[in-house]
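Open the model in a viewer and keep the selection panel at hand. The tour goes from one selection to the next and says what is found at each.

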Amino acid sequence: MKFEDLNLDPSLLKAVADQNYTEPTAIQAQAIPLILKNNDVLGTAQTGTGKTAAFALPILHHLVNEKTHNNGRKKIRALIVTPTRELAIQIAENFTDYSKYNGIKNTVIFGGVKQMKQVKRLEAGVDVLVATPGRLLDLMGQGYISLKDVGYFVLDEADRMLDMGFIHDIKKLLEKLPKQRQSLFFSATLPDSILKLSNTILHNPKKVAVHQVSTTAETIQQSIYYTNKHDKNDLLLHILKDKKIEQILLFSRTKRGADKIVKRLSKQNIKAAAIHGDKSQPQRQKALQSFKNYDIRVLVATDIAARGIDIDKLTYVLNYDIPNEPETYVHRIGRCGRAGEDGVSLSICEPEENVYARDIEKLIKKQIKEVKGHPFPQTDKPMNAKEKKEFEKEKNRKKQEFFANRKKKRNAAGGNNNRNNRR
Ligand code: AMP
């Protein structure tokens, strides 16, 4: 199938050609015709499948072809709500790319930065608004945004939205949306809670689906280094000696871990930056931009921060730890080898995590290739599933004991204070 077969407005075909897209991706081929026919759509698709263009192109087609009164400023006719700031920025960038030849205007709003610039752009008038839920409700509350002209509504990454606790915001938002509208709902997974939410938003939806979470892109070569906990850092430096790895997106389970990795790499003169929830929005944007500009070689990210990051032609992803949720592994490695590009995923696995690696292999239904003959092989005893369970139980017990003791000590100190106070 070609983009020309989709009956999109010529201004959009020209913009798509500028992006060098040769043919629609699977989700685009399925969703675009349905959205052009004004259907509500329930889409199961992850970032990296070309999902954004799958909704942006047909929405823009509708907007271009709608008769609008050209007197007065533009009104928000399409609203896209997405959970993370990074994703919001990328979606807006895509809208800008695709509206190059038709004058449809968009803007993006998200929290963590001052609102003044965002308000100014809204006041100038836009056709498309891309937003994260918190800032959207905030600016609506302050009277800067009216949704009464919204004819197209997209809820993106619905599962992540619920994970991040946005359900109440979404419900509030739905009350303010016009009943007469076309709605599109995208989620990487469709558990019951998500289906329930989709039922409150969509009207007779058509379903489209690509890439169940258990499938990993065929274009990604996956390999795993088994090592010891205390050798992980040296192994990372060994891996980075490979000059072929121009850039790499590295995943760390924790924010603290991410900062530590950046520090250690910087000591070895390897340029790196971290992107995670404790970084301010300008810091995150700066890190992402320096990565895109090739000013840094390693971008270290936690899972939530990395979700939705779209970096053109990202070839390498590295798991500095093995996630205990196998689906997280699939999400992580989905950051490379996007839309038909080649991708390489490397994983570092310490003995404790061997069982997680097995869980992942079960989910993706293939064995991850082991890198043999590297200088830091696993020598510490790996745990089997039962031992791992015991280990986790013991770790939790110790943690609870620690907190209980701390509480006791605090109470004792507080008790003394109280006694002192009473005196
Ligand atoms: P998304 O899933 O929307 O985040 O898109 C992932 C990446 O694929 C982005 O870099 C898009 O620019 C790119 N992309 C989208 N559609 C196509 C296409 N039809 N052909 C090639 N690349 C595409």
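**Domains.** This is a predicted model. Colour residues 3-209 as domain 1 and residues 220-370 as domain 2, the two parts into which the protein chain is divided. Their C-alpha centres lie 29 Å apart. Across the boundary, 19 residues of domain 1 are in contact with 18 residues of domain 2.

**The sheet that begins with β3.** Select the open sheet of 7 strands with the order β3-β4-β2-β5-β6-β1-β7; its pairing is parallel. At the edges are β3 (106-109) and β7 (206-209), each of which pairs on one side only. Ignoring direction, neighbouring strands here are turned by 15° against each other on average.

Now zoom in on β3 and β4 (residues 128-131), a parallel pair with 4 bridges. V108 is opposite V130 of β4.

Helix α2 (residues 26-36) touches β1 (41-44), β6 (182-187) and β7, and its direction makes about 165° with that of β7. Helix α5 (residues 116-124) touches β3 and β4, with its direction at about 150° to that of β3.

**The sheet that begins with β10.** Select the open sheet of 7 strands ordered β10-β11-β9-β12-β13-β8-β14, also with parallel pairing. Which strands stand at its edges? They are β10 (272-275) and β14 (369-370); each has a single partner strand, so one side of each has no neighbour in the sheet.

Within this sheet, show β12 (residues 316-319) and β13 (residues 343-349), which run parallel and are joined by 4 bridges. N319 is found opposite S347 in β13.

Helix α10 (residues 232-240) lies across β8 (220-226), β9 (248-251), β11 (298-301), β12 and β13, at about 155° to β13. Helix α12 lies across β9, β10 and β11, running at about 145° to β11.

**The α4 and α12 pair.** The crossing of α4 and α12 is right-handed.

Which residues make the contact?

- from α4: R85, E86, I89, Q90 and E93
- from α12: Q281, R284, Q285, L288 and K292

By class, the contact of α4 with α12 has 5 charged, 3 polar and 2 nonpolar residues.

How values were computed:
Residues are numbered from 1 along each chain as its sequence is written. This is a predicted model: local features need pLDDT of at least 70, side-chain atom pairs count only at pLDDT 80 or more; totals for chains, interfaces and linings use all residues. Side-chain values use heavy atoms; hydrogens and water are left out. A crossing is left-handed if the near helix is turned anticlockwise from the far one by less than a right angle, and right-handed if clockwise. Helices (H or I, at least four residues) and strands (E, at least two) are DSSP runs, numbered from the N terminus. Contact means heavy atoms within 4.5 Å. Ala, Val, Leu, Ile, Met, Phe, Trp, Tyr, Cys and Pro count as nonpolar, Asp, Glu, Lys and Arg as charged, and the others, Gly among them, as polar. Two strands pair if DSSP finds at least two bridges between them. Axes are lines fitted to C-alpha atoms, for helices over the stretch in contact, and angles run from 0 to 180 degrees between N-to-C directions. Domain bounds come from an automatic or database domain assignment.
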